[in-house]
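Please walk me through this structure in the viewer, one selection at a time, and tell me what is to be found at each stop.

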Amino acid sequence: MLELPIVDKKTPRNRKPDWLRVKLPIGENYKKVRSLVDKYKLHTICQSGNCPNMGECWGAGTATFMILGNTCTRSCSFCAVKTGRPSEYDEDEPRRVAEATRLMGVKHAVITSVNRDELKDRGAEIWYQTVRAVKEQSPETTIETLIPDVRGNWEALERMISAGQEVVSHNMETVRSLYRKVRPQAKYDRSLEQIQRTKAYGKRTKSGIMVGLGEKDEEVFAIMDDLLAHGCDVLTIGQYLQPTKMHLEVASYVHPDKFAEYHEVGMAKGFDFVESGPLVRSSYHAERHL
Ligand code: SF4
């Protein structure tokens with residue numbers, strides 16, 4: 001196999017390389033998405049996660065709604081979503097997400113949520129009602145749910161994924177050796193089990209990882225093997241970007257050629273699809289993986 005450098009050594013860690021330059025958010029579609037988000041008082045991971053693709057995605061008229069509020073019970077060191085004890089339990093949110101999705105007119109809707117570890121059902125009921133409401137209002141729209149770690153509450157998982165969505169995603173985020181540092185309240189094997197159980201319900205399964213956190217090539221290939229062994233169909237791989245100075249530093253900016261290699265290796269190992277590139281996020285071009 002061709003050996004490619006994982007780090008762009010010419011680029012200092014605090015300066016982003018050219019391939020991470022993105023379009024500024026502008027245009028009519030962008031304004032339409034923004035006004036729907038405001039009008040229906042919704043949250044998006046695009047905004048809460050400081051996603052670099054907002055110009056492209058919102059400019060194409062799509063966004064990823066984040067349900068169950070804007071405060072997460074976890075404190076992952078890579079994530080820009082605010083941590084705390086959430087106060088919101090908004091039973092009207094499913095209706096508003098469904099209306100905004102219908103008005104956006106997307107063929108494929110991606111929905112995610114914060115972690116709600118303090119809720120007995122981990123937020124499964126709101127998840128269920130949201131997917132049902134979107135299906136009722138937009139029966140032609142396919143739905144992808146990027147769900148959180150249910151902490152082994154498999155009843156909650158079943159409720160969350162039994163609402164008729166076409167794809168269920170759960171992000172591993174990083175390789176096994178970096179879990180403590182990157183995702184301290186999660187467990188590598190528990191997340192794999194969640195994917196395996198999702199597959200056992202007959203769902204199309206998807207997961208995503210970030211690179212540039214200090215992982216080695218062999219570890220990226222090992223997580224591919226682990227995911228395949230647990231029934232994962234689709235994998236996304238993207239560059240980690242530090243949302244603020246309080247978050248984990250970027251260990252390396254991975255060269256686009258290395259992302260191409262990850263794509264090739266993943267496809268050869270047996271994924272149905274691997275989307276791999278510096279700006280890839282789990283909801284980026286998600287309709288392509290169906
Ligand atoms: S990649 Fe996902 S999170 Fe980022 S702007 Fe696009 S839809 Fe939003």
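Which unit do E8, helix H9 and E9 make? Select residues 204–211 for strand E8, residues 217–229 for H9 and residues 234–239 for E9; together E8, H9 and E9 form a β-α-β unit that is right-handed, a term used when, with the strands pointing away from the viewer, the path from the first strand over the helix to the second runs clockwise. The names of these elements follow DSSP runs numbered from the N terminus, where helices (H or I) have at least four residues and strands (E) at least two.

Before going further, keep in mind that this is a predicted model, in which local features need pLDDT of at least 70 and side-chain atom pairs count only at pLDDT 80 or more, while totals for chains, interfaces and linings use all residues. Residues are numbered from 1 along each chain as its sequence is written.

**The sheet**

Now widen the selection to the open sheet of eight strands, which has mixed pairing and the order E1-E2-E5-E6-E7-E8-E9-E10; two strands are taken to pair if DSSP finds at least two bridges between them. At its edges lie strand E1 (43–44) and strand E10 (273–276), each of which pairs on one side only. Helix H5 (residues 124–137) packs on this sheet and touches strand E2 (65–67), strand E5 (108–113) and E6, where contact means that C-beta atoms, placed from the backbone, lie within 7 Å. The direction of H5 makes about 160° with that of E6, the axes being lines fitted to C-alpha atoms, for helices over the stretch in contact, and the angles running from 0 to 180 degrees between N-to-C directions.

Next, follow the strands across the sheet, starting with strand E6 (residues 142–146), which runs parallel to strand E7 (residues 167–169) and is joined to E7 by three bridges. To see one of these pairs, select Glu-144, whose bridge partner in E7 is Val-167. E7 in turn pairs with E8 in the parallel sense, again over three bridges, and here Val-168 has Thr-205 of E8 as its bridge partner. Between E8 and E9 the pairing is parallel over six bridges, and Ile-209 finds its bridge partner in Ile-237 of E9.

From E9 the chain crosses through H10 to E10 in a β-α-β crossover that is right-handed. E9 and E10 pair in the parallel sense over four bridges, and Thr-236 has Glu-275 in E10 as its bridge partner.

**Stops in the loops**

Select His-255, in the loop between E9 and helix H10 (256–269); His-255 is buried, with 20 other C-beta atoms within 10 Å. Its C-alpha atom is 9.8 Å from that of Gly-212, although His-255 and Gly-212 are 43 residues apart in sequence.

Move on to the loop between E6 and helix H6 (154–161), which holds Arg-151. Phi of Arg-151 is near 55°, a positive value in a residue other than glycine, and Arg-151 counts as partly exposed, with 15 C-beta neighbours inside 10 Å. Ile-147 also has its place in the loop between E6 and H6, but Ile-147 is buried, with 24 other C-beta atoms within 10 Å. Leaving aside residues up to four places away in sequence, Ile-147 touches Trp-127, Met-160, Val-168 and His-170.

**The ligand**

Finally, select the ligand and the 13 residues that surround it, of which Cys-46, Cys-51, Cys-57, Ser-283 and Tyr-284 are the closest; a residue is near a molecule if its C-beta atom, placed from the backbone, lies within 6 Å of it. Helix H2 (45–48) and helix H3 (54–59) each supply at least two residues of this shell.

Definitions and conventions: Two residues are in contact if their C-beta atoms, placed from the backbone, lie within 7 Å. A residue is buried if 20 or more other C-beta atoms lie within 10 Å of its own, exposed if 12 or fewer, and partly exposed in between; C-beta atoms are placed from the backbone.
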